[in-house]
Amino acid sequence: AVALYAVALVFPEQVKALFSIIGQLIAPRMYATDSPAQLWPSFRNKFLWLTLGFITLGLIGFVLIPLLVPLLFSAKYAAAADYGKWLWLAISCTGTFTYLGSALIATRRPVYIYTPYVGYPLCLMALYLVFVDYGVSGMVYARSVCAVLLAAFYGMAFFAHVSKENGLRVQ
């Protein structure tokens with residue numbers, strides 16, 4: 001089971017690396033802003049295109065990973081593709097929200113700092129414990145749920161912050 005989980009993580013870790021590279025390119029702008037509301041008008045279209053691009057990449061990977069795993073790792077690990085494709089899809093579809101999180105972290109408000117660095121790992125650990133009886137499927141489900149929850153937090157917090165600064169209107 002550990003080997004299957006390790007192989008399942010290979011492809012999702014690659015998409016996380018891609019998010020990290022893009023994040024490093026846009027981070028200076030994120031951290032230089034005084035306010036997410038000031039950032040949003042110039043970042044909105046980039047965010048939407050990045051999100052659309054990564055969702056597309058997620059769907060392509062979802063289809064290709066089951067074909068690639070047996071070719072790259074052997075038929076013995078083909079079952080890992082079923083886990084990896086779901087992780088790939090969850091990370092691809094939610095990852096761009098971490099860029100919104102970077103803008104929130106730049107505000108230095110504790111809730112925005114502690115949620116990803118304390119809240120996310122605690123949530124992941126709790127879900128691992130809840131789904132421990134489901135083995136690899138439970139671990140994949142826990143990671144996917146946590147990715148969606150963190151993205152939802154970043155999205156709602158970012159737009160609430162921008163709405164508050166703009167007098168309850170997000171453009």
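Tutor: Let us begin with a cluster, in which ring pairs link Trp40, Phe43, Phe47, Phe97, Phe158 and Phe159; rings of Phe, Tyr and Trp (its six-membered ring) pair if their centres lie within 6.5 Å, and planes under 30 degrees apart count as stacked, over 60 as edge-to-face and the rest as tilted. The model is predicted, so local features need pLDDT of at least 70 and side-chain atom pairs count only at pLDDT 80 or more, while totals for chains, interfaces and linings use all residues. Residues are numbered from 1 along each chain as its sequence is written, and side-chain values use heavy atoms, leaving out hydrogens and water.

Student: Why is the pair of Trp40 and Phe158 called edge-to-face?

Tutor: The ring centres of Trp40 and Phe158 are 5.3 Å apart and their planes stand at 65°, so the pair is edge-to-face. Trp40 lies in helix α2 (residues 36-73) and Phe158 in helix α6, 118 residues apart, where helices are DSSP runs (H or I, at least four residues) numbered from the N terminus.

Student: What makes Phe131 and Tyr134 a tilted pair?

Tutor: Their centres are 6.2 Å apart and their planes are at 55°, so the pair of Phe131 and Tyr134 is tilted.

Student: How do you know whether Phe131 is buried or exposed, and Tyr134 likewise?

Tutor: Buried means under 20% relative accessible area, exposed over 50%, and partly exposed in between (1.4 Å probe, protein chains only). Phe131, with a relative accessible area of 18%, is therefore buried, whereas Tyr134, at 57%, is exposed.

How values were computed. Helix = DSSP H or I, 4+ residues; strand = E, 2+ residues; numbered from the N terminus.
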